[in-house]
Amino acid sequence: MQVSPLLVAALAGLVAVPATAATQSFEVAVKNTGEMTLACDASIAHWYSNALGEVAPGETLRFVLRADAASGTVFLRNAVGDDMPVQRVWCGLKGKSWATRAEISLDRRIGEVPKPIVLDCTGKPTGTSCARP
């Protein structure tokens with residue numbers, strides 16, 4: 001039995017999911033209140049992550065996610081305009097963001113678009129902490 005490469009890509013989560021007309025954008029703002037540079041990333045598939053950006057001490061990183069209110073799915077729009085489903089978002093120390101991560105909770109509720117997320121984050125060698133100001 002031969003398996004279609006498109007089917008394999010879809011099962012692996014590498015194919016973009018079309019967002020509905022109910023898809024709306026919301027912003028995430030991460031202010032680095034610590035003394036070490038942070039990096040923020042999003043997990044798109046089980047083994048694939050997408051860099052969202054770095055944030056130096058005293059600076060704020062802003063990025064936009066999208067949410068489909070009908071399904072509660074959160075998306076990250078890629079460079080070619082496809083909405084890629086997001087599994088998780090985190091920030092941690094630059095160069096080891098996963099090992100020192102603080103996960104950013106995404107409010108996934110059917111029928112609602114998440115509100116903007118504003119966080120103050122501080123990274124230390126033992127880990128990163130984020131809180132709403």
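Guide: A place to begin is alanine 42, whose bridge partner in S7 is valine 89. Please note that this is a predicted model.

Visitor: Which strands does that pairing belong to, and in what sense do they run, parallel or antiparallel?

Guide: Strand S2, residues 38-45, pairs with strand S7, residues 88-93, in the antiparallel sense. Six bridges join S2 and S7.

Visitor: What is the order of the strands in the open sheet?

Guide: The order is S3-S2-S7-S8, four strands with antiparallel pairing. Strand S3 (48-55) and strand S8 (102-104) are at the edges; each has a single partner strand, so one side of each lacks a neighbour in the sheet. From one strand to the next, the twist averages 25°.

Visitor: Moving on to the hairpins: how many residues lie between S4 and S5?

Guide: Four residues separate S4 and S5 in their hairpin. In the turn, glycine 72 has a positive phi of about 80°. The strands themselves, S4 at residues 60-68 and S5 at residues 73-77, run antiparallel and are joined by three bridges.

Visitor: Which residue stands opposite valine 74 of S5?

Guide: Alanine 67 stands opposite valine 74.

Visitor: And what does S5 do with S6?

Guide: S5 also pairs with strand S6, residues 83-85, over three bridges in the antiparallel sense. Leucine 76 stands opposite methionine 84 in S6. The hairpin of S5 and S6 has five residues between the strands, and glycine 81 there takes a positive phi near 90°.

Visitor: A change of topic, then. How many salt bridges are there?

Guide: The count comes to seven salt bridges, taking a side-chain nitrogen of Lys or Arg within 4 Å of a carboxyl oxygen of Asp or Glu. In general, side chains of opposite charge can pair when their charged atoms come close.

Visitor: What is the N to O distance between glutamate 27 and arginine 62?

Guide: Their side chains meet in a salt bridge at 3.4 Å, N to O. Glutamate 27 belongs to strand S1 (residues 23-32) and arginine 62 to strand S4, so the pair ties together parts that are 35 residues apart in sequence.

Visitor: Is arginine 62 buried or exposed?

Guide: Arginine 62 is exposed, with a relative accessible area of 52%. Glutamate 27 is partly exposed, at 34%.

Visitor: Which residue does lysine 94 meet in a salt bridge?

Guide: The side chain of lysine 94 meets that of glutamate 54, at 3.4 Å from N to O. Lysine 94 is in the loop between S7 and S8 and glutamate 54 in strand S3, so this pair links distant parts of the chain, 40 residues apart. Lysine 94 has a relative accessible area of 47% and is partly exposed.

Visitor: How far apart are the closest N and O atoms of glutamate 103 and arginine 88?

Guide: They are 2.8 Å apart, and the two residues form a salt bridge. Glutamate 103 lies in strand S8 and arginine 88 in strand S7, so parts 15 residues apart in sequence are tied together by the pair. Glutamate 103 counts as partly exposed at 39% relative accessibility, and arginine 88 is partly exposed at 33%.

Visitor: Lastly, which residues are linked in a network of salt bridges?

Guide: Arg66, Arg77 and Asp83 are linked in such a network.

Key: Residues numbered from 1 in each chain as written. Predicted model: local features only at pLDDT ≥ 70, side-chain atom pairs only at ≥ 80, totals over all residues. Heavy atoms only, no water. Pairing = 2+ DSSP bridges. Helix = DSSP H or I, 4+ residues; strand = E, 2+ residues; numbered from the N terminus. Axes fitted to C-alpha atoms, helices over the stretch in contact; angles between N-to-C directions. Buried < 20%, exposed > 50% of the residue type's maximum accessible area, 1.4 Å probe, protein only.
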